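The entries keep to what I read from the model.

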Amino acid sequence: MAQDMMDAAYFRHTGGSDVIEFGPLPVPQLPDHAVLVRVAATAVNHVDTFVRSGGYATALSFPQAIGRDATGTVERVGAAVDAPFRPGDPVWSNSLGFGGRSGAGAAFTVVPADRLYPLPAGVDPVEAAAVLHAGATAWLALHRHAGVQPGDTVFVGGGTGQVGSALVVQAVRAGARVITSSSADDAGHCRSLGATATLDYRSPALMDELAAAARSVSGGRGLDVHIETSGRHQLEAAVEMLALRGRIIALSGMAATNALPLGRLYTRDGSVHGFAISNATVGELADAARAVNELLADGSLRARHITRLPLSGAAGAHAAMEAGTARGKLVLIP
Ligand SMILES: NC(=O)c1ccc[n+]([C@@H]2O[C@H](COP(=O)([O-])OP(=O)(O)OC[C@H]3O[C@@H](n4cnc5c(N)ncnc54)[C@H](OP(=O)(O)O)[C@@H]3O)[C@@H](O)[C@H]2O)c1
């Protein structure tokens, strides 16, 4: 292949997973304030399918390489970059493939320098790629949006999912007591992440059991923070078990609608706060990146199962994610 060309997984218009093509594209031009990164790994996240399908409207630059998260090494540094990046440095970004930026699903990608972070020494780039999106989402949800405090009681619905497990680990680290829902088989895993109480999400009495757990774990106060990652919301019951000034963080369920008992919500100073990492500022993402790097460096942020696939398998990976048949966290390797 010519030196200025590279392999990429890209799409020319939004649509189903079959719009993804694999083949040569020009290596992106390097603007002065950006860094050219040789990609080692890129994860497949739900949001990548929303961007590709057009379900999440954002600026795209066709042919658009897929992928938001990349780990890799610095190849070349733009002339006006004053951050201390040097060729060969291990780095990562979780801001790619939307908002008009290059995608991560290619041999090379261009990253604005203020959206590029060092990858801690000794951290495997594939394992890191698997947890970047969930790790940063969880940090922003808990610290930027929920204002989690030591002693809070936090509910994480879907405690073994990518975002759910990152929420459990980080809420526990923040000094909160955590209640999770998961399949019954995964209760032990939730406890190993630090959950105090675990519930079976298939139980017909789940919301009654959650209300009882919230009372018992919080000493009668109720839930300070409620985050459901499965998209299956039950706000009527959730509001009922909120502590005074409790916060419900809405971050899942693109098509979800739900009845909200407003009177019960406002009379306890409760709030429902929507949040999407795609709207995070450069500063918020950098704060989250620092926290993610600490968790990567001490090994506490980890994917449970990783399925490594060649980048040429990107269309199949998107299809599996959308069909719910993906096994573990899908990571594409250029
Ligand atoms: N707002 C944002 O910024 C943002 C950022 C990242 C992700 N998200 C969204 O967050 C959601 C989760 O993403 P993810 O990557 O963590 O997905 P995921 O790994 O597929 O996790 C989903 C979790 O939901 C669990 N689940 C399935 N059915 C359930 C039920 N009836 N009750 C409770 N839990 C149930 C799954 O359990 P099993 O493993 O047993 O199936 C799994 O643990 C997605 O909707 C994604 O789009 C939002």
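The entries below go from the domains to the cores, then to one helix and to single residues.

**Entry 1, domains.** I am working with a predicted model. I looked up the domain assignment of the protein chain, and it gives domain 1 (5-130 + 303-333) and domain 2 (143-278). Taken over C-alpha atoms, the centres of domain 1 and domain 2 lie 31 Å apart, and the contact takes eleven residues from domain 1 and seven residues from domain 2. I noted about 660 Å² as the area buried between domain 1 and domain 2, with 52% of that area given by carbon and sulfur atoms.

I then asked which residues have the most contacts inside the largest nonpolar core. That core has 50 residues, and the ones with the most contacts inside it are Leu140, Val154, Leu167 and Leu296. At least two residues of this core come from each of α2 (125-129), α3 (132-145), β9 (153-157), α4 (162-173), β12 (223-228) and α9 (282-297). The core draws on both domains, with at least three residues from each of domain 1 and domain 2. I also wrote down a second, separate core of 19 residues, which includes Ile179, Met207, Leu210 and Ala213. Going back to leucine 140, I listed its contacts beyond four places in sequence as His145, Phe275, Ile277, Ala280, Glu284, Leu285 and Ala288.

I checked the span of α4, which has twelve residues and reaches 17 Å from its first C-alpha to its last, close to the 16 Å expected at 1.5 Å a residue. Nine of the twelve residues are buried, so α4 is largely enclosed by the rest of the structure. Among these buried residues I noted Val163, Leu167, Val168, Val169 and Gln170. What do the buried residues of α4 pack against? They pack against α3, β9, β10 (177-182), α5 (187-193), β12 and α9. Just after α4, I found glycine 175 with a positive phi of about 95 degrees.

I found threonine 42 in strand β3 (residues 34-43), and it counts as buried because its relative accessibility is 1%. Its side chain reaches the backbone oxygen of aspartate 69 at 2.7 Å. Beyond four places in sequence, the residues that threonine 42 touches include Gly67, Asp69, Ala104, Leu311 and Leu332.

Leucine 96 is in the loop between β6 (90-93) and β7 (108-112), and at 1% relative accessibility leucine 96 counts as buried. I noted that leucine 96 and arginine 68 are 28 residues apart in sequence but 4.2 Å apart in space, C-alpha to C-alpha. Leaving out residues up to four places away in sequence, the contacts of leucine 96 include Gly67, Arg68, Ala70, Gly103 and Val110.

I looked next at serine 278, which lies in the loop between β14 (271-274) and α9. Is serine 278 buried or exposed? Its relative accessible area is 16%, and since buried means under 20%, serine 278 is buried. The side chain of serine 278 makes a polar contact of 3.1 Å with the side chain of arginine 68. Apart from residues up to four places away in sequence, serine 278 touches Val47, Tyr56, Arg68 and Phe98.

Glutamate 75 sits in strand β5 (residues 70-77) and counts as partly exposed, at 31% relative accessibility. Between glutamate 75 and valine 37 I read 38 residues in sequence and 5.2 Å in space, C-alpha to C-alpha. The side chains of glutamate 75 and arginine 38 make a polar contact (3.1 Å).

I recorded a cis peptide bond from phenylalanine 62 to proline 63, with omega near -5 degrees, and proline 63 lies in the loop between α1 (46-53) and β4 (64-65). Arginine 245 is not a glycine, yet has a positive phi of about 65 degrees; arginine 245 lies in strand β13 (residues 242-250) and counts as exposed at 55% relative accessibility. Aspartate 269 likewise has a positive phi, near 55 degrees, and is found in the loop between α8 (262-266) and β14. With a relative accessible area of 40%, aspartate 269 is partly exposed.

Methods
Residues numbered from 1 in each chain as written. Predicted model: local features only at pLDDT ≥ 70, side-chain atom pairs only at ≥ 80, totals over all residues. Heavy atoms only, no water. Helix = DSSP H or I, 4+ residues; strand = E, 2+ residues; numbered from the N terminus. Buried < 20%, exposed > 50% of the residue type's maximum accessible area, 1.4 Å probe, protein only. Polar contact = N/O pair within 3.5 Å; in protein donor to acceptor, adjacent residues only side chain to side chain. Contact = heavy atoms within 4.5 Å. Core = buried A, V, L, I, M, F, W, Y, C linked by side-chain atoms within 4.5 Å. Domains from an automatic or database assignment. Expected span 1.5 Å × (residues − 1). Buried area = accessible area lost by both parts, 1.4 Å probe.
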